[in-house]
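Subject: Structure handover

Hello,

Here is the structure I promised you. Please open it alongside this message; my notes follow below.

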Amino acid sequence: MQYPSTLDRDGLIELATKKYFGNVDAKNMEAILDCFHDTALFTVQTDHLTHEGKDGIRAMFETFLGSYETIVHQDFTCTVDEKNGRIAASFEAVLTDADGAVTRLYNTNFWRVRGDRFQEVYVYMSGANVLV
Amino acid sequence: MNNPYPYYVDIVTKRYFDGVDNKRMDQVLDCFHPDAVLHEMTSDTKHDGIDAIRTMFEGLFSTNGRIWHGNFVHTVDPEDNAVCSQFTVEIEPNELGEELIYQNCNRFYLKGDKFQNVYVYMSGDNLLK
């Protein structure tokens, strides 16, 4: 689907890496959800799983944020299609649980932006799905 | 490259995946630099250099019947010489006798007019061995 975006290149990078992942790592649920439209779709393509709407996305993040003591997303490489409101990024996710076990993933996300928020998000993971 | 945006879309769809779907090895390899690297991320399998990439495609072409890539959505960034593509793959492994459907993505990083680094994520078992 093609959406009109109001964000320029820097705005798309800011939304994906700072407003979104910065708040995921800080476990700020409301700030995370503020990045999404109410009707957003969040799909983990490598697990054939879609979380529908803000309520579905909230439930997913409640599980995810509660499963790890620390969550770090880092080393972003962004690909920005400003005229179409799309951004992709590869990154490393370092997830540490309460027992100190560390999960490292080298993932790629695709975001389709409508206005100034996410309408569709697609996640491709290098390992088992952690966004259930 | 006068207008890089359509160039990036065309090398991915009209040259690379057209070559893959029609099993035209020379057309496929012409998209890569000799020292290009193709990395399948979901199984952490790396094919380093055009000879290794050729060997990988020889395996893909010989072990599968029909191969089709479509339903593309591209994220094109001429400023960073990159295009990231989401797409559907329909493929018929010879030994399976029925079609598999994948929802994959590739990240292509170009140097000049050819691929230097390609990263592949698959929604099922790795086909690029």
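Start with Thr17(A). Leaving aside neighbours within four places in sequence, Thr17(A) is in contact with Phe76(A), Cys78(A) and Ala89(A). Please keep in mind that this is a predicted model. Thr17(A) sits in helix α1 of chain A, which covers residues 9-25. Its 17 C-beta neighbours inside 10 Å make Thr17(A) partly exposed. Phe36(A) is 19 residues away from Thr17(A) in sequence, and the two C-alpha atoms are 14 Å apart in space.

**The sheet of chain A**

Chain A has an open sheet of 6 strands. The strand order is β2-β1-β6-β5-β4-β3, and the pairing is mixed. Which strands of chain A stand at the edges? They are β2 and β3 of chain A. Each has a single partner strand, so one side of each has no neighbour in the sheet. From one strand to the next, the twist averages 20°.

β1(A) and β6(A) are joined by 5 bridges and pair in the parallel sense. Within β6(A), Val123(A) is the residue opposite Val44(A). α1(A) touches β3, β4 and β5 of chain A, and its direction makes about 165° with that of β3(A). Helix α3 of chain A, residues 53-67, touches β1 and β2 of chain A. The direction of α3(A) makes about 50° with that of β1(A).

One loop residue in chain A deserves a look. His48(A) has a positive phi, near 55°, and is not a glycine. As background, most residues other than glycine have a negative phi. His48(A) lies in the loop between β1 (36-44) and β2 (49-52) of chain A. Is His48(A) buried or exposed? It counts as exposed, because it has 11 C-beta neighbours inside 10 Å, and the cut-off for exposed is 12 or fewer.

**The sheet of chain B**

Chain B has an open sheet of 6 strands as well, in the order β2-β1-β6-β5-β4-β3 with mixed pairing. Its edge strands are β2 (45-48) and β3 of chain B, each of which pairs on one side only. The twist averages 20° from one strand to the next.

Leu38(B) has Val118(B) as its bridge partner in β6(B). β1(B) also runs antiparallel to β2(B), with 4 bridges between them. There, Glu40(B) faces Thr45(B) in β2(B).

The hairpin of β1(B) and β2(B) has 4 residues between its strands. Asp44(B) lies in that loop, between β1 and β2 of chain B. Asp44(B) is not a glycine, yet its phi is positive at about 55°. Asp44(B) is exposed, with 11 other C-beta atoms within 10 Å.

**Helices of chain B**

Helix α1 of chain B spans residues 4-21, which makes 18 residues. From first C-alpha to last, α1(B) reaches 24 Å, close to the 26 Å expected at 1.5 Å a residue. Where is the kink in α1(B) centred? It is centred on Asp10(B), and the kink is about 40°. Just after the helix, Lys23(B) takes a positive phi of about 55°.

The buried residues of α1(B) are Tyr8(B), Val12(B), Tyr16(B), Phe17(B) and Val20(B). They pack against α2 (25-29), β3 (64-77), β4 (82-93) and β5 (100-111) of chain B. The helix itself lies across β3, β4 and β5 of chain B, running at about 170° to β3(B). Helix α3 of chain B, residues 50-63, packs on the sheet and touches β1, β2, β3 and β4 of chain B. The direction of α3(B) makes about 55° with that of β1(B).

**Where the chains meet**

The contact takes 16 residues from chain A and 16 residues from chain B. On the chain A side, β3 (70-81), β4 (86-96), β5 (102-114) and β6 (117-124) each supply at least two residues. β4(A) gives the most, with 4 residues. That side of chain A divides into 7 nonpolar, 7 polar and 2 charged residues.

Best wishes

Definitions and conventions. Residues are numbered from 1 along each chain as its sequence is written. Chains are lettered from A and ligands numbered from 1 in the order in which they are written. This is a predicted model: local features need pLDDT of at least 70, side-chain atom pairs count only at pLDDT 80 or more; totals for chains, interfaces and linings use all residues. Two residues are in contact if their C-beta atoms, placed from the backbone, lie within 7 Å. Ala, Val, Leu, Ile, Met, Phe, Trp, Tyr, Cys and Pro count as nonpolar, Asp, Glu, Lys and Arg as charged, and the others, Gly among them, as polar. The expected span of a helix is 1.5 Å times one less than its number of residues. The bend at a residue is the angle between axes fitted to the seven residues ending there and the seven starting there. A residue is buried if 20 or more other C-beta atoms lie within 10 Å of its own, exposed if 12 or fewer, and partly exposed in between; C-beta atoms are placed from the backbone. Two strands pair if DSSP finds at least two bridges between them. Axes are lines fitted to C-alpha atoms, for helices over the stretch in contact, and angles run from 0 to 180 degrees between N-to-C directions.
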